[in-house]
Amino acid sequence: MHKAIVMFSGGLDSVIAAHLLKSQGLDVTALHFVLPFYAQTGKTPEQVQAYADTLGVPLRVEEEGEEFLEMIRDPKFGYGKNANPCVDCRIHRVIKAGRIMEEMGAVCLATGEVVGQRPMSQKMDKMKKIEKLTGLKGKLLRPLSAKLLDPTDAELAGIVDREKLLDITGRSRQVQLAYAKEHGLAHSSPAGGCILTNIETGARFIDLAEHDQHYSLADFKLLAYGRHFRTSQNYRVIVSRNEDENDALERIHAAALSSPKSTSAPNIVQMYLRDTLGPLALGIGEPDESGLQFAASAVMRFSRLRNEEKAAVVISGSINGNDINRILETKPANDADIDRMRISASNRKKAKGEK
């Protein structure tokens, strides 16, 4: 039986791509890439696994790391509307998937891409360019739009029946939804793109890159969690929003401390309420006393003690190689300071004098 690899998110398009090839008798493996945001945070792709199980195909999970960071620091094709390097990201992942295809002896690498569905990476010319730049001409199969594209080697060899593939184009999902309903396929809801397309995540990324050109993988992961504040050019604070984010921040912090490549690990402190459960905050960089005071007051502001007069906040970690372990008595931060310090798209516009 011929093997095929399908890049698999568990979304509507990738589920259909896997089903189209499996229904033709190919031995399909679903390949799922985990963004750095979710690596080492305790999150597992359980839902993706469930969709693969429903299809009856094995799931292989690959976590993104330093290679992804190298790509996003300087994307050749630039960013989209926010911080999304869609074309470069696609090339990066297809190359990695191509290596896995060769490793497993598969005849093709398939994706759920649809011609014209996404403005940056799925225009006809971009899809052809990606195929060329990845060195996978003839091996990269897009089953949902195959009839609009040149036949792949697997089609020419008769391993894949081109007539049983589709000719979908554009952003509408009506054809896909009808196909899924007809074949009883389980899938996640159609989404608008990865977290980097989000305007607020984009603002955080731009702020990080502007203030630290040598940001680490831990710095990048933290963009997805908590409330972000900048107290100075050299200091930023992240305050969790719930217990799950407490866990994620703790795990990312621990991973940063154990990684010799992390530039921010020596300058990172944890902050939490001494006398009750509440949010966890990470302070990153070189703070002055006012920066530490704001961070402690923000921890109190977003806790159950927000209406109390004062609270004790524990600060522990390392700054410039010096251990810090102290307790700050603080008042809750006021809304004006919270709004002024917050890293956000609206504050970036204000700083640039935009409306």
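Q: Before we start, what do buried, exposed and partly exposed mean here?
A: Buried means under 20% relative accessible area, exposed means over 50%, and partly exposed is in between. The model is a predicted one.

Q: Which helix is Asp-335 in?
A: Asp-335 lies in helix H12, which covers residues 335–341.

Q: What does the Asp-335 side chain have a polar contact with?
A: The side chain of Arg-301, in a polar contact of 3.2 Å.

Q: Let's change topic. How many helices and strands are there in the protein?
A: The protein has 13 helices and eleven strands. Its C-alpha atoms fill a box of roughly 75 × 40 × 40 Å along the principal axes.

Q: What percentage of the residues count as buried?
A: Of the 355 residues, 53% count as buried. The protein exposes about 17,100 Å², and carbon and sulfur atoms supply 47% of that area.

Q: What about charges: how many positive and negative side chains?
A: There are 48 positive and 46 negative side chains, and the centres of the two sets lie 5 Å apart.

Q: Now helix H5. Which residues are buried there?
A: Met-127, Ile-130 and Glu-131 are buried in H5, which runs over residues 124–133. They are on the same side of H5, because they cover an arc of only 100° around the axis.

Q: What's on the other side of H5?
A: Asp-125 and Lys-132, which are exposed.

Q: What covers the buried residues of H5?
A: The cover includes helix H4 (86–104) and strand E5 (140–141).

Q: And what follows H5?
A: Gly-135 follows H5, and its phi is positive, near 70°.

Q: Where is Gln-122 found?
A: Gln-122 is in the loop between strand E4 (108–110) and H5. Gln-122 is buried, with a relative accessible area of 6%.

Q: What does Gln-122 touch?
A: Leaving out residues up to four places away in sequence, Gln-122 touches Glu-113, Val-114, Val-115, Gly-116, Gln-117 and Met-127. Met-127 is one of the buried residues of H5.

Q: Next, Glu-155. Buried or exposed?
A: Glu-155 counts as buried, at 9% relative accessibility. Glu-155 is found in helix H6, residues 153–156.

Q: Which side chains make polar contacts with the side chain of Glu-155?
A: The side chain of Thr-152 makes one of 2.7 Å, and the side chain of Arg-162 makes one of 2.9 Å.

Q: Which residues does Glu-155 touch, not counting those up to four places away in sequence?
A: Among them are Leu-141, Ala-146, Asp-150, Val-160 and Leu-165. Arg-162 is also one of the residues touched.

Q: Last one, Glu-64. Where is the place of that residue?
A: Glu-64 sits in the loop between strand E3 (59–63) and helix H3 (66–73). At 3% relative accessibility, Glu-64 counts as buried.

Q: What does the Glu-64 side chain make a polar contact with?
A: The side chain of His-92, at 2.9 Å.

Notes. Residues are numbered from 1 along each chain as its sequence is written. This is a predicted model: local features need pLDDT of at least 70, side-chain atom pairs count only at pLDDT 80 or more; totals for chains, interfaces and linings use all residues. Side-chain values use heavy atoms; hydrogens and water are left out. Buried means under 20% relative accessible area, exposed over 50%, partly exposed in between (1.4 Å probe, protein chains only). Helices (H or I, at least four residues) and strands (E, at least two) are DSSP runs, numbered from the N terminus. The arc is that of the directions from the helix axis to the C-beta atoms. Contact means heavy atoms within 4.5 Å. Accessible areas come from the Shrake-Rupley method with a 1.4 Å probe; for residues, only the protein chains shown count as cover. Lys and Arg count as positive and Asp and Glu as negative; His and the chain ends are not counted. The place of a charge is taken as NZ of Lys, CZ of Arg, CG of Asp or CD of Glu. A polar contact is a pair of N or O atoms within 3.5 Å; within protein, one must be able to donate a hydrogen and the other to accept it, and residues adjacent in sequence count only if both atoms are side-chain atoms.
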